[in-house]
Amino acid sequence: MTDDDLALPDFAPPPMAKELEAELGSLEPVATRRPVRQLAIVGIVSLLYGGLLLAVLSIRRDAGELPVEWLVFGGLAWFLGFVVPCYLALVPAPGSMLSRRRLAVTSAIVAAIAFVVMGWLVHPHGPSSEQYNAERFIQGHWCLELGLATALVPVILGAMFLRGAMPVGSRWIAAALGAGGGSLGGLVLHLHCRITDPMHTGIIHAGVVTVAALLAAALVPRATDVR
Amino acid sequence: MADPKELMARYCDGEAGAFRELYALVSPKLYGYLVKMTRSKAVADDLLQQTFLKVHRARAAYVRGADPVPWIYSIAHRTFIDDVRKGKRAKVGVGDTDDLPEIAADLHGEPADRKDEPRADPELLAATLDALAELPEQQREAVVLTKLQGKSVAEAAEIAGTTVGAMKVRAHRGYEALRAKLGAPSAKQSREAS
C-alpha cells in the first residue's frame, strides 16, 4: 500500500452557516495580537506591582548583612525565571500563531527544579535573619500566599492576552505563565523575606513556582478558551 | 491562489469578503479532515461551522504575518475533541417516516447534493474509511493529517498539541494498523520481501 492508495477525495464543504453570515454582516475591524508588546506590558505591569508590594511590605531587614553577589545573582535568577517562561508562553515563533508550548513548559519545569535546588543549597544568613526549620516550617505559609498573590498579575494579564490564541496545549502554556508569575513571587520573597533556613527557601519560596504553575494550568484554560 | 495570511489580515481589518475567501480556501481540506475524523458528514458539517464561528470570535488573536491555517486546524481539532468528550451526539430515532425530507436524486439514484464530490473507487473508499474509523482516535488523526491532508509531522504535532516524536509514533502505528486492516503487507514485510 502506498500513500496514493490512501488518497481519499476531499468532500465538498457546506456553505457558511446563517449565524456566521449574520455575524459577518456587522463585521468591525479588530486590533490583532501583538505578542512582543503584550510581553512588555506583562513585564512592566508585573514588575511595578511587585515593586509596589515590596514598597508596602519593606525590604528584608537582613539585606545589608548578606553577600551582595548572592542578592544580585539570586534576584537575577528569579527575574529570568519570570521573563523566560512568560516570553515563551506569549511570543510565538516567527510566522506562527501558536505559542511554543514545549519550550515554555520545559522552561517552567527547569525553573521549578532550579529554584528548589538553589533555595536548598544556597541560603546565606546574617544576625537579623530568622530560621524556622522543621519545627516552625508550617508558619512560613504566609510566604506562599504572598508569592501566589504576586503571581496573580502576570497570570491574569497573560490569560487576557492569550484568549483565543491557544486552542490546543492551553494547560501547558498556562503552566508556563504560572511558573513565570511564581518566579516573580519568588523575586519579591527574595527581597522581602528574612527567613533563611533551607526548608523555607527550598520548599516554600521555590514551591511558589510549582503551585502557581499547577493552579494556572487548572484555572487559566477556562478563561482563554473560545466558545 | 490567495494567501491565507493576507486574507486573514484583510478580514481582521473588517473586510467580510476576505473571510468568505478564506472559508473557500481552507474549508474543503478542513471539511475532509473532519469527515475522516467523525465518519459522518452531518457531524462534520456542524463541526466545520463551529470551527469557523470560533475563528470569527477569536480573530483578535491573529498575529499579523503568521499563517492562520495551523491555528484554524487546531480549533477544528479542539472542537472535534470537545464534541467527542461531551458525547453529545446522541443517536436520534426517527419516529414518523412522513417527516423525512425528500432528497433530490439524479437518474442513477445519486443524491443531487453529492454530484460535485470527486469520484473514487467506492469500495476502496468505504474500506479505507471503515479501517480509519477503527483506529484509535489519536492514530486516526495522525494518519489523516500526515497521510491524507499532506501536513508535515511538525505541523500535525502543532495542530494536535503534541510533540513531534509522539506524532511520528502515532502516525507510524496508525499507518501500520491501517495497512494491516486493508490487507496490505507492512513496511517491514515489504522490505523483507524485496
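1. Which residue of chain A forms a salt bridge with B:Arg20? The partner is A:Glu21. The closest N and O atoms of the two residues are 2.8 Å apart. Bear in mind that this is a predicted model.

2. Between chain A and chain B the count is 3 salt bridges. Polar contacts were counted too. Across the interface, 17 residue pairs are in polar contact, with both residues at pLDDT 80 or more.

3. Now the helices on the chain A side. Helix 1 (18-25) and helix 4 (101-121) of chain A each supply at least two residues of the side that touches chain B. Helix 1 of chain A gives the most, with 5 residues.

4. What is the make-up of the chain A side by class? The side of chain A that touches chain B has 25 nonpolar residues. It also has 13 charged and 6 polar residues.

5. Next, the extent of the interface. Chain A brings 44 residues to the contact, and chain B brings 66 residues. Together the two chains bury about 4,800 Å² between them. Carbon and sulfur atoms account for 65% of that buried area.

6. Turn to chain B by itself. How many helices and strands does chain B have? The tally is 9 helices and 0 strands. Read from the N terminus, the elements of chain B run α-α-α-α-α-α-α-α-α.

7. Contacts within chain B can be sorted by sequence separation. Take those between residues at least 6 apart in sequence. Of these, 62% join residues at least 24 apart.

8. Burial and surface come next. Chain B has 194 residues, and 44% of them count as buried. The accessible surface of chain B is about 9,900 Å². Carbon and sulfur atoms hold 51% of that surface.

9. Is B:Ser74 buried or exposed? B:Ser74 counts as buried because its relative accessibility is 0%, and the cut-off for buried is under 20%.

10. What is B:Ser74 in contact with, leaving aside its neighbours within four places in sequence? In chain A, the partners are A:Leu98, A:Pro167 and A:Val168. In chain B, they are B:Glu158 and B:Ile159.

Notes:
Residues numbered from 1 in each chain as written. Chains lettered and ligands numbered in written order. Predicted model: local features only at pLDDT ≥ 70, side-chain atom pairs only at ≥ 80, totals over all residues. Heavy atoms only, no water. Contact = heavy atoms within 4.5 Å. Buried area = accessible area lost by both parts, 1.4 Å probe. Salt bridge = Lys/Arg side-chain N within 4 Å of Asp/Glu carboxyl O. Polar contact = N/O pair within 3.5 Å; in protein donor to acceptor, adjacent residues only side chain to side chain. Helix = DSSP H or I, 4+ residues; strand = E, 2+ residues; numbered from the N terminus. Nonpolar A, V, L, I, M, F, W, Y, C, P; charged D, E, K, R; others polar. Buried < 20%, exposed > 50% of the residue type's maximum accessible area, 1.4 Å probe, protein only. Areas by Shrake-Rupley, 256 points an atom, 1.4 Å probe, with all protein chains shown as cover.
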